[in-house]
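Please consider the following remarks while examining the structure. They are set out as numbered points for a reader new to the subject.

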Amino acid sequence: GDWYGIRFQNTAESSDSTIRHAIIQHTRYAVRLTSSSPLLEDVEIGLSTTYGIEGSARTGVPFSPTRVTVSNAGTPVGLSNVSGSWTDVTLEDSSGPAGTISGGALDLRLVGLRVANNTGGGLITNIGGGGLEVILSEFVGNGITEPGLTVNGNGPRTLVANDFESNAGGGLELNNDSSGWPVSAVYASNLEGNGGYALRMQTGSLPADARRNWWGALNGEMGSYPANVSGIWDIHDDAALRHVDFRENLGGALANDTDVKSYLVFPANGMNENEMVIYGGAVARAGIQRVEVSTDGGTTWSDATVEGAAFSMAWAPTPGTYTVQSRVTDMLGTMEVDPDEKIITIGSGPTLVGTMLDDETWGGPGVIELVGDVIVPAGTTLTIDPGTTVHAQYLTDGSYGGLDPSRIEIIVEGVL
């Protein structure tokens, strides 16, 4: 670099600083932070030989760049202690990987992020307890060293309406150590044309709920579930790992250009009556104010629990047909115009996943096929008649619960 760059020192005043409408070029480090969180807005960084943005944000002070482009750098980012919301940031065309963003107990939100054509690979995130939300982002055309996005650390991980395409080192890698949400949620995304694996699980990760995605050519291997899909590395390849739920795979790529949108992913059609949970994902560029769910075609609505870009709501249906809808409202008050919708038929029969509502007797002549953990709560009795055949789907758990969230359990708190 022809000059060193701009350094923000370890002072409270440095976090009150602003760089806006600027072009910073030909540096060693364009912006270097030492326990500082300045505002970067409408900034172009180019031709930095070492890093575009590097260092550590100030503890407890969000670092939230907006409309920042880092291109043709050695490595675009190398940051620690980061929290806040990154909006429309581009990391592209570097000679190395896109770099690393690390954080702690506070949340990090990536909206409209573009990580593209970095020779050394994509972006790595390491978040130690805070939530990671990634929406409306692109990870495309990155080199072989790293996948388009690698998610490390612990805490809730929700990724909705993203593109993971044509990355030589794989699309998405998940390496989570604990929870805060029962799964790593990967919804409404395009995962196609990647080298290696479209989605790779690593040791210690939670299961991945990866429903309602477009997988490209891998869709041809997803005619049945569960299955060992060549472009997914999970429990079917290594018994120490967790599973990837790829059901409801889509028939074509998603545009992912809608700023306010929700996506229902569970329950599926054909369930029997019990206490279950409705799951889904939602995007709101301005942030989520609320997500509502209706089980009567929009006549009445109830608030769902929201975690990052995912939502859930407990439901105890009786037999019948239901029109389940979801809608999201952003922080500006903009409500989703066309709610997402699923028509669900609930049968009367054995509980196949979830908590039994009353005493049950399981008997033949057919096979009872469990799709997730079944809980026999205190005060109820489960009787299984002699000669009854009960199958549990192998290496998967539709409830993501129990001691092993990738293997089905019958959990008896009452009487068996």
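1. Leu149 touches Leu123, Thr125, Val134, Phe139, Leu159, Phe164, Gly171, Leu172 and Glu173, with residues up to four places away in sequence left out; contact means heavy atoms within 4.5 Å. The model is predicted: local features need pLDDT of at least 70 and side-chain atom pairs count only at pLDDT 80 or more, while totals for chains, interfaces and linings use all residues. Residues are numbered from 1 along each chain as its sequence is written, and side-chain values use heavy atoms, without hydrogens and water.

2. The largest nonpolar core has 55 residues, of which Ile53, Trp86, Leu123, Leu149, Leu172 and Trp215 touch the most other members. Apart from it lies another core, of 45 residues, including Met276, Ala284, Tyr322 and Ile344. A nonpolar core is a set of buried Ala, Val, Leu, Ile, Met, Phe, Trp, Tyr and Cys residues joined through side-chain atoms within 4.5 Å. Buried means under 20% relative accessible area, exposed over 50%, and partly exposed in between (1.4 Å probe, protein chains only).

3. Four strands form an open sheet in the order β29-β28-β32-β33, with antiparallel pairing. Because β29 (302–303) and β33 (340–346) stand at the edges with a single partner strand each, one side of each is left without a neighbour in the sheet. Strands (E, at least two residues) are DSSP runs, numbered from the N terminus; two of them pair if DSSP finds at least two bridges between them.

4. Strands β28 (residues 288–294) and β32 (residues 320–330) are joined by six bridges. Arg290 stands opposite Thr329 in β32.

5. Thr355, in strand β34 (residues 354–355), is buried, with a relative accessible area of 16%.
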